[in-house]
Amino acid sequence: MTSPAMTAPADQSAGYRAMVRRKRWLLLGFLVLTTLSLVLDLALGPVGYSVKEVVQAVLWPDSVPMQLRVVVWDIRLPTALMALAVGAALSVAGAQMQTTLNNPLASPFTLGISAAASFGAALGLAFGVALFPSFAGYVVPVNAFVMAMLSAGLIHLLSMKRGVTTATIVLLGIALVFTFNALLALVQYFATEQAVAAVVFWTMGSLTKATWPKLGVTCLVIAITLPLFARNSWALTALRLGDDKAASFGINVARLRLQTLVMISLLAAFPVAFVGTIGFVGLVGPHIARMLIGEDQRFFLPASVMTGALLLSISSVVSKTLIPGAIFPIGVVTSLIGVPFFISLILGSKERSW
Amino acid sequence: MDKAEAASSPPPGQSITVKDLLGREVQVRAPVQRVILGEGRQLYLVAALDTDNPVQRIVGWRKDLIQADPDTYSAYAKKFPAIADIPTFGGFEDGTFDIEQAIAQKPDVILLNIEAQRATDDARYIEKLAALGIPVVYVDFRHHPMENTEPTMRLIGRLFGKEARADEFIAYRNAQIRRVADTIAAHQPARPKVFIERIGGYSEDCCLSFGNENFGKFVEVAGGNNVAKGVIPGTFGQLNPEQVIAANPDQIVVTSANWEAYVPSGSWIGVGPGADLPEARRKLEAYTRRPAYAGTRAAQGRAFHAIWHQFYNSPYEFVAIQQLAKWFHPTLFADLDPDATYREMHERFLPVPFQPGYFVSLEGAAPASAKAAP
């Protein structure tokens, strides 16, 4: 046997190991950037506390003056952490939607989940309608959540019909988007101008609605769904090769898809219900992750978590520094920051990522 | 005598030229007998002119009064049941105005708020209506209430042939504003820093507020210093809750109303005509625990107040200004009684009785001007 034939497998595995190493470094880079952004988000604010004071307030809340404690624990921390959690949840939801539906345009927004949530919220804001008996003060998020889950359920039901392909599901989703947008417009037509203003404001998204309980629920959903996705990661990777190939590996494609859609709905519905529609993250977060790190779920999943978290965290910083003292709607900022970066990645990438 | 009479109320059909709030010269046959209100809340002005029967000239109106101020609407509906028969229109602003329905009412004039201008221009309504001989006149008492309410009242008075009555209202309103403005100008008291929380309890978000217009302006006239004026570029906006802490306001004023229909058992404060004030005060108490107010001078001094939100779009805002002044400078305005002013205005100009309940403060609030920053 000649030496090239002998060394080829060794080369390949060395190349593979190098690739894995490179991806690990990329993930680490994301982690560092996200942490930096979080620190920046916590350190910046109209009350000019020093970083030292903020750190002290985070670590030993009882040792600092009441006002500093309130600013850090009741205002900055919930908002900054909510940015990470919401970004991560929406990005993962988008990533897995794109994977299971095998469509680059899929996201919680193209499937009508956020349009449904907006409609639910608008019903509450405009007419005080509670779709579900809920605590006072939680009518709007509960409404948004109920509508989001209903629309997801509708998609699940339709997707189980015979002969429905992934493309049909995406089309159904788009039909839902238009339906709920029309219903939203109908609500606005009958609502007072004040309610219309509130609805418009809600749909632009706002992290100032973040509270510790809401953050807790969002984190809980992420904590439940991520390990399940990780366990299914090889199957999900295989799904991208096509349904038939995946089935030939012994994967129950229909069951996997249904399971994934349920988890995606939870991941998308909670954040949208809590902070309004921050649409862009769910579409762009996963694309950025995929272009930088590839399709392998072992890396793609954590990368999506971090691109989403990072994108929203940066947006959170920008939204409060753009007009010092005022709050700029986060949904607007996210799109304006994400779009240029996204376009430069699309135009700059040499290989087809989709 | 005869000549003066003729000048103040020309016989029907006589054409007069008026200048509206956009500076347009408009020909109208005055006094108008049939008018469409492009905003229902224009009734606030109409009622002060046609006090005996404010409904007589109105042949159509927008439904905003019924939705935004149901208490006032029901007070009028009780006395003038015919108000329920007035056809309602969609708004020009949102493009839901039905021009055919308007034409069918054969109005002598249509009164529009200036914010409807863009939509009206886009749809070329003015030209279409002009072709049918229906003039459109723009008025304003929301965008720049301090400047525009007076010319708006004078204009409507002229259209209705009620100039004297309009002048009487204008004089009364100016006198009431001067009671505050002159005292502030004469004494130049230290201006307390004031944060206005807009639509408290309507949205779960904190710190919606006013820039340097509307309530923001009222605060300034009343001798306060609106902490959001340098931060919010337009009339409406949202402050970072932390910014409120950084600004350290001496006084917090929450604009609110009974929003049971929108936010059932929400944290709104039900101030407004005939309000349950002890209950309103109890709900106001919860605002002292908001993170945005933690440790501020307002929180230390319990200087929290709630005021009826609809003053933001009412020619009766001078009553709100008086109350704000009394809150900011209690010793200076010890003799001023805003409720008495409002009652007197109802008795002199309006057909419906006054019901108190537009304002509430926490008990045990420390006097403000003593703590105000220089």
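## Fold of chain A

From the N terminus on, the elements of chain A run α-α-α-α-α-α-α-α-α-α-α-α-α-α. In this predicted model, chain A therefore has a radius of gyration of 22 Å, close to the 20 Å that the globule rule gives for 354 residues, so chain A is as compact as a globular protein of that length. The count of elements is 14 helices and 0 strands.

Taken along the principal axes, the box filled by the C-alpha atoms of chain A is roughly 80 × 55 × 35 Å. Of the 354 residues in chain A, 49% are buried. Among the contacts in chain A with a separation of 6 or more, 75% are between residues 24 or more positions apart.

## Arg240 of chain A

Arg240(A) sits in the loop that lies between α9 (233-239) and α10 (243-248) of chain A. Arg240(A) counts as partly exposed because 17 other C-beta atoms lie within 10 Å, a number between the limits of 12 or fewer for exposed and 20 or more for buried.

Leaving aside residues up to four places away in sequence, Arg240(A) touches Thr99(A), Asn102(A) and Glu295(A). Gly294(A) is 54 residues from Arg240(A) in sequence, and the C-alpha to C-alpha distance between Arg240(A) and Gly294(A) is 12 Å.

## The side of chain A that touches chain B

The two chains meet through 30 residues of chain A, which are in contact with 30 residues of chain B. On the chain A side, α3 (66-101), α5 (139-159) and α7 (193-203) each supply at least two residues. The largest share, 6 residues, comes from α3(A).

By residue class, the side of chain A that touches chain B divides into 17 nonpolar, 9 polar and 4 charged residues. For the complex, the predictor gives an ipTM of 0.79 and a pTM of 0.84.

## Strand β6 of chain B

Strand β6 of chain B spans residues 109-113 and is mostly covered, with 5 of its 5 residues buried. In a regular strand, side chains alternate between the two faces of the sheet. Both faces of β6(B) are covered: one side holds Val109(B), Leu111(B) and Asn113(B), the other holds Ile110(B) and Leu112(B), and all of these residues are buried.

Two strands of chain B are described here as partners of β6(B). Strand β3 (residues 35-37) of chain B runs parallel to β6(B) and is joined to it by 3 bridges. In this pairing Leu37(B) stands opposite Leu111(B). Strand β7 (residues 136-139) of chain B also runs parallel to β6(B), with 4 bridges between them. There, Asn113(B) has Val139(B) in β7(B) as its bridge partner.

## Confidence in chain B

The average pLDDT of chain B is 88, and 92% of the residues score at least 70.

Where pLDDT is low, the predicted coordinates should not be read in detail.

Definitions and conventions. Residues numbered from 1 in each chain as written. Chains lettered and ligands numbered in written order. Contact = placed C-beta atoms within 7 Å. Nonpolar A, V, L, I, M, F, W, Y, C, P; charged D, E, K, R; others polar. Rg over C-alpha atoms; globule rule 2.2 N^0.38 Å. Pairing = 2+ DSSP bridges. pLDDT = per-residue confidence, 0-100.
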